[in-house]
Amino acid sequence: SCFNIFTLRLFGADITEDTLVSFAGTGPSSGGDADRYCGDSRETDVVAVSMDGGSSDNSTGTLVHTFPQQTGTIWYLCVKSNTTSTHSSCPDWEYRADDTKPWILITTSPRPEKNQPLMPIWLQCFLIGVLLTLSGLFSGLNLGLMALDLTELIIIQKCGTVAEKRHAKKIMPVRAQGNYLLCSLLLGNVLVNNTLAILLDDLTSGLWAVIGATAGIVIFGEIVPQSICSRHGLAVGSKTVWLTRFFMIVTFPLSWPISKVLDLILGEEIGNTYNRERLLELVKIAGQNRDLDKGDIDIISGALEFKNKMVIDVMTPLEDCYMLEFNAILDFNTMTEIMQSGFTRIPVYEGGSNNIVNLLIVKDLAFVDPDDCIPLKMLCKFYNHAVIPVFSDTKLDVLLDVFKKGQSHMAFVQEVNDGGGQSDPYYEILGVVTLEDVIEEIIQSEIVDETDVLTDNRSKKRIPERKMAQDFTIFHNNSDNGQPNMSPQLKLALYQFLHTAVAPFGSDYISESILRKLLEQTVVVDLKYNADHHDKMMLYSREKSADYFIIILQGRVEVIVSREELKFEHGPFSYFGIAMIMHGHSSSTGSVQARPNSAHSPPLHQGYPDYDVIAATDLLYLKIHRRQYLAARRATLLERASDGSDAERAFRLEWDKADKSASICSEETPTGDGGKIHDADLANNNHSAKVNEDNDTSPPPPPPDDPDTKDVNMNVDESSC
């Protein structure tokens, strides 16, 4: 098009609908009256003024006029009244504008071409790429940095990896200025996005600019960067912290005042905090992601939840508790029962189980002799342990604080019983709760010690393959078999010593049940000391053969060894004669080595000791003959062949055989001096001449499972003495 259409508004005086307007391309040439008329100079159409404003004083009006599209043309306003023809060239067209009135002049210039870009295409494309990158960076940092909680950053600085600690340290100063950082990132993002829309609009048409700007900002400015920064915000923020600081400085005049206003309105930013329930759920979620082991989760969960539990939830009911009566006597049976219970703290009641008056701790029995039969109430009054009552609704954390004070680690759970309206209210004991119960709730696992038989006090599930406590009542003097009176404690000590310290009586040779049967027989000797009867005081003599083993239980003996007559004194639990019951199976005799004196010496099994053992005081000692020992070994083999189901019958059968052989043979069979067993060279000091055979360094006899030994044991000549 070569013409431009404009709507003009005229302001002046005496403007009416009869006023005609046109424009001349040249102005008046001089200031004379003849130059006031422009009839021949007009170059545009004649247009009538429209009085659309409804002006009552004829001071304004509008018109629509068409101008030729000419560059730099100045148009002068010409006006006439519509009293003659509009095409008349009469001199009534007058100039209303000249060079002295520039505000009335109109200048036309060419309209710029619509598709002409503001800058070169390559530069616009480069800027669009840079702006999209910045848009994505601002969007990603807004999510990545602002999502980093101050508390989380502090935690990462203390317990993160080396790289995480380094990143958190760089980000922390910037992230601490929360609202200032937020305003800077948002202002930068808005500025970049608006500039991107303007460039796209200049590069394309309006609709395509909207579509392109929206797609570019959403995909490259929002989705992609936020998905990356949501997972790697710490690393991205650390790498671009210098750029963030730069934009914070650039936007400082606007973002800093806004951030201060936000600080005043919203308050200072603080890190996230977790209460007990949220922290518990956080731990469980970490367990689902396998960041924590199940044991760790149980312990943490238990520590967080146990404050919400009450003692009634973890207590042991009173009917399941082992208790003692206040007037009980601490004899051997009672103390054996206490040991078998496996408990270290035992409630003591008086009158009824609901009346707990004291607490017995098993270590209080350390200095108590069962033979003294001390009343339990005397022991309770002496130690007077505290009885701690707690109500059934007491929280476990409160109970733990009570236990930590050290008064007691057992409390009694009680509640008020109103008696059903039939009696006065009273306190009823429901059960007991211990420190172990509280700890089990914290670690969410049952603590099973070496004496427990049940896994817990609620399910009452037995522990599989748990060995029951030893029955010490078998050592009690409950029958009269003609043996000297020996306390149950001494019997127990003798049994344990033989079983663990004397090799021929160990489990490789004699089973525990057979050894107990052996000790129940008449094998204990009570010897009263009499200096006038020297022969009766002689337990072993180098002049007499011996086929028995002895162990001193009470009293002292004098031992004389070697040709130099070296004398030593021995007391309880000194034993002699292992070689006498074991000869024929090994060359070992203990610390005194037995060997023939010459090539014509009698066989080793004739049993001549090369030492004398003489009673020095009243004695109580165990004496076991070789035939009795072999009977016990054969009974052990029979018992093991029957899987231990017939120990009593096996022992009685072999013991009767030994008794029959004893009635045939004499108790001693002297063979002269040539049958002595001589000792090896002894050391020059008293300690090396010890006769007690518990320091034997020679190889022990082979166990009964050896086929050769089995043949020896099972085919022993029963008539042998």
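## The second largest pocket

Strand S1 is the top contributor to the lining of the second largest pocket, handing over four residues. (Strands here are DSSP runs of E with at least two residues, helices are runs of H or I with at least four, and both are numbered from the N terminus.) The elements that supply two or more lining residues are S1 (3-11), strand S2 (19-24) and strand S5 (73-81). In total 17 residues line this pocket, and Leu10, Phe11, Leu77, Arg96 and Ile104 are the ones nearest its centre. Its volume comes out at about 430 Å³, where a volume is the space filled by probe spheres set on grid points, with points joined across faces, edges and corners.

As for the pocket itself, the search runs on a 1 Å grid over the protein atoms alone: a pocket is an open set of points with protein on both sides within 12 Å along at least five of seven lines, and a lining residue has an atom within 4 Å of a point.

## What kind of model this is

This is a predicted model, so local features need pLDDT of at least 70 and side-chain atom pairs count only at pLDDT 80 or more, while totals for chains, interfaces and linings use all residues. Residues are numbered from 1 along each chain as its sequence is written, and side-chain values use heavy atoms, with hydrogens and water left out.

Val218, Ile219, Phe220, Ile223, Val224 and Ile228 make up a nonpolar surface patch of about 510 Å². To join such a patch, a residue needs over 30% relative accessible area and no salt bridge, and nonpolar side chains (Val, Leu, Ile, Met, Phe, Trp, Tyr) are joined within 5 Å, whereas like charges are joined within 9 Å. The areas come from the Shrake-Rupley method with a 1.4 Å probe, and for residues only the protein chains shown count as cover.

Pro225 and Leu141 sit 84 residues apart in sequence, yet 8.4 Å apart in space, C-alpha to C-alpha.

## Salt bridges

How many salt bridges does a search of the whole structure find? It turns up eight, each being a side-chain nitrogen of Lys or Arg within 4 Å of a carboxyl oxygen of Asp or Glu. Asp401 and Lys404 form one of them, at 3.5 Å from N to O. The two are separated by about one helical turn because they are three residues apart in helix H12 (residues 396-404). Asp401 is partly exposed at 41%, and Lys404 is exposed at 61%.

Asp526 and Lys528 also pair up, at 3.9 Å from N to O; Asp526 is partly exposed at 41%, while Lys528 is exposed at 54%. Then there's Glu569 with Arg556, at 2.8 Å from N to O. That pair links distant parts of the chain, 13 residues apart: Glu569 is in strand S21 (residues 566-570), and Arg556 is in the loop between strand S19 (548-554) and strand S20 (557-561). Arg556 is partly exposed at 34%. Elsewhere, salt bridges with shared partners tie Arg542, Glu565 and Asp612 into one network.

## Loops to look at

Gln444 has a positive phi, near 55 degrees, despite not being glycine. Gln444 lies in the loop between helix H13 (435-443) and helix H14 (488-501) and is partly exposed at 34%. Phe573, another non-glycine residue, has a positive phi near 65 degrees. Its place is the loop between S21 and strand S22 (575-576), and Phe573 is partly exposed at 22%.

Ser507 lies in the loop between H14 and helix H15 (512-520), where Ser507 is partly exposed at 40%. Ser507 and Thr636 are 129 residues apart in sequence, but the C-alpha to C-alpha distance is 9.4 Å.

Note on methods. 1 Å grid on protein atoms, 1.4 Å probe; cavity = no way out; pocket = protein on both sides within 12 Å on 5 of 7 lines; lining within 4 Å. Buried < 20%, exposed > 50% of the residue type's maximum accessible area, 1.4 Å probe, protein only.
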